[in-house]
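Hi there,

Here is the structure I promised to pass on to you. Have a look at it first, and then read my notes below.

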Amino acid sequence: MTSTDTRPLTPAARRVLDVATELFYTRGINTVGMELVAERAGVTKKTIYDRFGSKRELVVQYLRARDARWRAHLSGYLDGAEGPRASVAATFDALEDWMTDENPRGCAMVNAYAELSDPEHPGRAVAQEQKRWLRGLYTDLAVRAGASAPADLGDALAMLHEGAVIARNVTGVADAARTARAAADALMSAHGAD
């Protein structure tokens, strides 16, 4: 399987990806070997390489799957928001719940980007794309809200989002997302956003 392969995962490949997702996130990508993934998934290493081709590709699939879960989680909050200002607030509500349920070690994308020192590692591109997407989401919401400088506001909102993750996971600020949400609301007002 390659990163462009869109076929559904076989049951064995699904187990491998699920196990890799848990291990890569909780223990770190570089500390987890394929032997451990195979053992925990109840498959052989050959099965992993047959399905994913390489550890690099398994890392890419892990990051893409995690990103898809985050986007689906966020979408559930955005779908219920009425208007761009409420949507911005909803992103921070979604973040708070995500950090409580899914993010005890911080952002998987940031963690992976830091761990994958090879600038050509395709996992770094997945992390970068996810952060560009988030920044674009905030900029789009700022445009829709009629902000005076939507690109600047979008950047500031994305930085608040990322800062909330760091504050909660690194420094233990339990209400970091709520604090960021209040700051985002103040920024929206300062930029004339509805």
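Predicted model: local features only at pLDDT ≥ 70, side-chain atom pairs only at ≥ 80, totals over all residues.

Helices here are DSSP runs of H or I with at least four residues, numbered from the N terminus. Buried means under 20% relative accessible area, exposed means over 50%, and partly exposed lies in between (1.4 Å probe, protein chains only). Among the buried residues of H7 are Gly-123, Arg-124, Leu-134 and Tyr-138. Just after H7, Gly-146 has a positive phi of about 75°.

Residues are numbered from 1 along each chain as its sequence is written, and side-chain values use heavy atoms, leaving out hydrogens and water. The score pLDDT is the predictor's confidence in each residue, from 0 to 100. The protein chain averages 94, and 96% of the residues score at least 70. Helix H7 (residues 122–144) has the highest confidence, at 98, while helix H3 (residues 45–52) has the lowest, at a mean of 95.

Helix H4 (residues 55–79) has 25 residues and reaches 36 Å from its first C-alpha to its last, close to the 36 Å expected. Its buried residues include Leu-58, Tyr-62, Arg-66 and Trp-70.

How many aromatic pairs are there? The count comes to three, where rings of Phe, Tyr and Trp (its six-membered ring) pair if their centres lie within 6.5 Å; planes under 30 degrees apart count as stacked, over 60 as edge-to-face and the rest as tilted. One of them joins Phe-24 and Tyr-62, edge-to-face at 5.5 Å centre to centre with 65° between the planes. Phe-24 lies in helix H1 (residues 11–27) and Tyr-62 in helix H4, so this pair ties together parts that are 38 residues apart in sequence. Both Phe-24 and Tyr-62 are buried.

Trp-70 and Trp-98 form another edge-to-face pair, at 5.5 Å centre to centre and 65° between the planes. Trp-70 belongs to helix H4 and Trp-98 to helix H5, 28 residues apart. Trp-70 counts as buried because its relative accessible area is 6%, and Trp-98 because its value is 7%.

Two arginines also lie over rings (CZ of Arg, or NZ of Lys, within 6 Å of the ring centre and within 35 degrees of the ring normal). Arg-66 is over the face of Tyr-25, at 4.1 Å from the ring centre, and Arg-124 is over that of Tyr-113, at 3.8 Å.

**The nonpolar core**

A nonpolar core is a set of buried Ala, Val, Leu, Ile, Met, Phe, Trp, Tyr and Cys residues joined through side-chain atoms within 4.5 Å. The largest one has 56 residues, and Val-16, Phe-24, Val-37, Ile-48, Leu-58 and Tyr-62 touch the most other members. H1 gives the most to this core, with nine residues. Leaving aside residues up to four places away in sequence, Leu-58 touches several residues, including Val-16, Phe-24, Val-37 and Ile-48; contact means heavy atoms within 4.5 Å.

Enjoy exploring!

Notes
Helix = DSSP H or I, 4+ residues; strand = E, 2+ residues; numbered from the N terminus. Expected span 1.5 Å × (residues − 1).
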